Amino acid sequence: VFLMSYISLAFMVAILPIFISLMVFRFGMDYFTRWTKLFTSFMLQPIILFAYLSMMLAAFDTIVITGQYSL
C-alpha cells in the first residue's frame, strides 16, 4: 500500500499540468475536482497506514511484553 500510493502520487504529479489546464474550462472543472480528491486520497493512505501500524504495535507490545497479564 505504501509503495503503491507513492508510485500513484508520482504519476498524479506527472499529469498535473493537464488537469490544471482543464481547470480553466468549465467542462474540465469536474475532472480537476476528481483529480484533487484522488490526489488527497493517495496522500492520506500512508499516513493512515502508519497510524494503524503504530497503534497495532503498541497494542501488541502491551499484550505480549509489558502488560500485567502479558505472555
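Predicted model: local features only at pLDDT ≥ 70, side-chain atom pairs only at ≥ 80, totals over all residues.
Trainee: How many aromatic pairs does the structure hold?

Mentor: There are 6 aromatic pairs. One of them joins Phe2 and Tyr6 in an edge-to-face arrangement, with 4.7 Å centre to centre and 70 degrees between the planes.

Trainee: Where do Phe2 and Tyr6 lie?

Mentor: Both are in helix H1, residues 2–14, and they sit 4 residues apart, about one turn of the helix.

Trainee: Is Phe2 buried, partly exposed or exposed? And what about Tyr6?

Mentor: Phe2 counts as partly exposed because its relative accessible area is 32%, between the 20% and 50% limits. Tyr6 is also partly exposed, at 44%.

Trainee: And Trp35 with Phe39, what sort of pair is that?

Mentor: Trp35 and Phe39 are stacked, 5.1 Å centre to centre with 10 degrees between the planes. Both belong to helix H3, residues 29–66, again 4 residues apart. Trp35 and Phe39 are both buried.

Trainee: Which residues do ring pairs link into a cluster?

Mentor: Phe19, Phe32, Trp35 and Phe39.

Trainee: Switching to helices. How do H1 and H3 run, roughly parallel or roughly antiparallel?

Mentor: Their axes come within 9 Å and cross at roughly 155 degrees. Angles over 145 count as roughly antiparallel, so that is how H1 and H3 are described. The crossing is left-handed.

Trainee: Which residues make the contact?

Mentor: From H1, they include Phe2, Tyr6, Leu9 and Met12. H3 contributes, among others, Trp35, Phe39, Phe42 and Leu49. By class, the contact has 13 nonpolar, 3 polar and no charged residues.

Methods:
Residues numbered from 1 in each chain as written. Heavy atoms only, no water. Phe/Tyr/Trp six-rings, centres within 6.5 Å; stacked < 30°, edge-to-face > 60°. Helix = DSSP H or I, 4+ residues; strand = E, 2+ residues; numbered from the N terminus. Buried < 20%, exposed > 50% of the residue type's maximum accessible area, 1.4 Å probe, protein only. Axes fitted to C-alpha atoms, helices over the stretch in contact; angles between N-to-C directions. Parallel < 35°, antiparallel > 145°, perpendicular 65-115°, else oblique. Left-handed = near helix turned anticlockwise from the far one by under 90°. Contact = heavy atoms within 4.5 Å. Nonpolar A, V, L, I, M, F, W, Y, C, P; charged D, E, K, R; others polar.
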